[in-house]
Amino acid sequence: MVLDNAANSEQVRPLLPGLPRCLVVVTSRNRLSGLTARDGGVRVSLDPLSCADSIELLRHAMGEDRADREPDALHEVARQCSYQPLAL
C-alpha cells in the first residue's frame with residue numbers, strides 16, 4: 001500500500017496494516033519520526049536528483065516522443081521541481 005503526502009504520523013497510523021507480511025510506503029515532506037520510533041518504520045531520505053537523472057525520469061514518465069519535441073520544457077519542469085524525486 002502507498003500512502004502519499006502524509007502530514008503527520010497520527011494521520012497515517014490508523015491505516016497501517018496489523019500483519020508483518022504487509023508493506024506500506026509512506027511519502028511525506030515531513031520526517032514522521034513517530035512512525036520510526038513507535039511503529040518500526042524505516043526512514044529513507046532521498047536527495048535531489050541530478051539534472052540529467054531528472055530529465056531521464058521525466059522522459060520515461062511522459063514518453064520519449066513528446067520529450068524529444070519539448071526538451072526545454074523538460075529542463076524547466078525539472079528546475080521548477082528542484083530536482084526532487086517526489087515532485088518530479
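Helices and strands are DSSP runs, at least four residues long for a helix and at least two for a strand, and they are numbered from the N terminus. The model described here is predicted.

## The chain as a whole

The protein chain has 5 helices and 2 strands. Read from the N terminus on, its elements run β-α-β-α-α-α-α. How spread out is the chain? The radius of gyration is 17 Å, well over the 12 Å that the globule rule gives for 88 residues, so the chain is more spread out than a compact globule. The C-alpha trace spans about 50 × 20 × 15 Å along its principal axes.

Of the 88 residues, 18% are buried. Contacts along the sequence can be sorted by separation. Take those between residues at least 6 apart in sequence: 40% of them join residues at least 24 apart.

Helix α3 covers residues 51–62, and helix α5 covers residues 71–80. These two helices pack at an angle of about 115 degrees. Their axes are 9 Å apart. Are α3 and α5 roughly parallel or roughly perpendicular to each other? Angles from 65 to 115 degrees count as roughly perpendicular, and α3 and α5 therefore fall in that class. Their crossing is right-handed.

Which residues make the contact? From α3 come C51, S54, I55, L58, R59 and M62. From α5 come L74, H75, V77 and A78. By type, the residues of this contact divide into 7 nonpolar, 2 polar and 1 charged.

H60 has its place in helix α3. Its relative accessible area is 69%, so H60 is exposed. A61 also sits in helix α3. At 64% relative accessibility, A61 counts as exposed. The cut-off for exposed is over 50%.

L32 is not a glycine, yet its phi is positive, at about 50 degrees. Is L32 buried or exposed? Buried means under 20% relative accessible area. L32 has 11%, so it is buried.

S82 is not a glycine either, and its phi is positive at about 55 degrees. S82 is found in the segment after α5. With a relative accessibility of 42%, S82 counts as partly exposed.

## Prolines in a loop

Now to the loop between α1 and β2. Here α1 covers 9–12 and β2 covers 25–26, and P17 is found in the loop between them. P14 is found in the loop between α1 and β2 as well.

How accessible are these prolines? P17 is partly exposed, with a relative accessible area of 31%. P14 counts as exposed, at 64% relative accessibility.

What does P17 touch, leaving out residues up to four places away in sequence? The partners of P17 are M1, C22 and V24.

## Distances in sequence and in space

| Pair | Apart in sequence | Apart in space |
|---|---|---|
| P17 and N5 | 12 residues | 18 Å |
| P14 and A37 | 23 residues | 16 Å |
| H60 and S33 | 27 residues | 33 Å |
| A61 and L16 | 45 residues | 29 Å |

Read the rows one by one against the structure. P17 and N5 are 12 residues apart in sequence, with 18 Å between their C-alpha atoms. For P14 and A37, the values are 23 residues and 16 Å. H60, in helix α3, lies 33 Å from S33. A61, also in helix α3, lies 29 Å from L16.

Technical notes
Residues are numbered from 1 along each chain as its sequence is written. This is a predicted model: local features need pLDDT of at least 70, side-chain atom pairs count only at pLDDT 80 or more; totals for chains, interfaces and linings use all residues. Side-chain values use heavy atoms; hydrogens and water are left out. Axes are lines fitted to C-alpha atoms, for helices over the stretch in contact, and angles run from 0 to 180 degrees between N-to-C directions. Angles under 35 degrees count as roughly parallel, over 145 as roughly antiparallel, 65 to 115 as roughly perpendicular and the rest as oblique. A crossing is left-handed if the near helix is turned anticlockwise from the far one by less than a right angle, and right-handed if clockwise. Contact means heavy atoms within 4.5 Å. Ala, Val, Leu, Ile, Met, Phe, Trp, Tyr, Cys and Pro count as nonpolar, Asp, Glu, Lys and Arg as charged, and the others, Gly among them, as polar. Buried means under 20% relative accessible area, exposed over 50%, partly exposed in between (1.4 Å probe, protein chains only). The radius of gyration is taken over C-alpha atoms; the globule rule is 2.2 Å times the number of residues to the power 0.38.
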